[in-house]
Amino acid sequence: MLIALFLTQGVAYAQTGNEQTSNALHNRIVGLFDVDVVVTNCATGATLASFRALHKYELGGTGQVVPATSPVGLSEHSMIWSHIRGNDYRAAVKAFRFDAAGNNIGWIIIRNDVSISGDANSYSGYGIAEVYNSAGVLIAASCPSFTGTRFTGE
């Protein structure tokens with residue numbers, strides 16, 4: 001019985017150690033990134049806009065995007081993210097849209113595939129941004145891509 005107790009504790013310890021290692025690998029993206037974004041027409045590849053942003057990845061799979069554009073027409077950008085495998089992640093961002101009078105006119109959902117570098121200090125990604133009206137009808141789409149470096153405060 002004593003041997004069974006030690007074996008059980010050893011297995012539990014090994015599993016906990018593996019979980020911690022696994023979580024450390026999955027959470028390499030956690031932090032704040034200074035990002036350059038280019039938005040293109042998905043069909044033609046023509047550039048529609050470019051701007052800087054901050055992408056914040058939090059433990060637990062949530063985050064925030066702060067574009068360096070006027071906040072008048074968009075709400076805060078809330079994000080969820082998940083680890084796919086290796087250095088690859090997937091993120092989805094949602095923000096509400098407003099007209100000049102402040103009326104809600106719909107929302108935007110951005111879905112990105114993201115790859116982080118081996119040293120976890122830079123990353124890049126691409127995706128699709130879908131624009132919906134207030135009735136939930138898809139009215140436009142664009143294709144953002146981005147590159148970023150970890151913001152360290154320096």
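1. Buried means under 20% relative accessible area, exposed means over 50%, and partly exposed lies in between (1.4 Å probe, protein chains only). This is a predicted model: local features need pLDDT of at least 70, side-chain atom pairs count only at pLDDT 80 or more, and totals for chains, interfaces and linings use all residues. Residues are numbered from 1 along each chain as its sequence is written, and side-chain values use heavy atoms, with hydrogens and water left out.

2. Ala-120 is buried, at a relative accessible area of 11%. The residue sits in the loop between strand 6 (104-116) and strand 7 (122-133). Strands (E, at least two residues) are DSSP runs, numbered from the N terminus. Ala-120 is not a glycine, yet its phi is positive, about 65°. Most residues other than glycine have a negative phi.

3. How many disulfides does the structure hold? There is one; a disulfide is a pair of cysteine sulfur atoms within 2.5 Å. Cys-42 and Cys-143 form the bond, with their sulfur atoms 2.0 Å apart. The torsion about the S-S bond is about 110°, so this disulfide is right-handed. The pair links distant parts of the chain, 101 residues apart. Cys-42 lies in the loop between strand 1 (31-40) and strand 2 (47-58), and Cys-143 in strand 8 (residues 138-150).

4. Is Cys-42 buried or partly exposed? Cys-42 counts as partly exposed because its relative accessibility is 37%.

5. Ser-142 also belongs to strand 8. Ser-142 is buried, with 13% relative accessible area. Leaving aside residues up to four places away in sequence, Ser-142 touches Val-39, Thr-40, Cys-42, Leu-48, Gly-127, Ile-128 and Ala-129. Contact means heavy atoms within 4.5 Å.

Key. Helix = DSSP H or I, 4+ residues; strand = E, 2+ residues; numbered from the N terminus.
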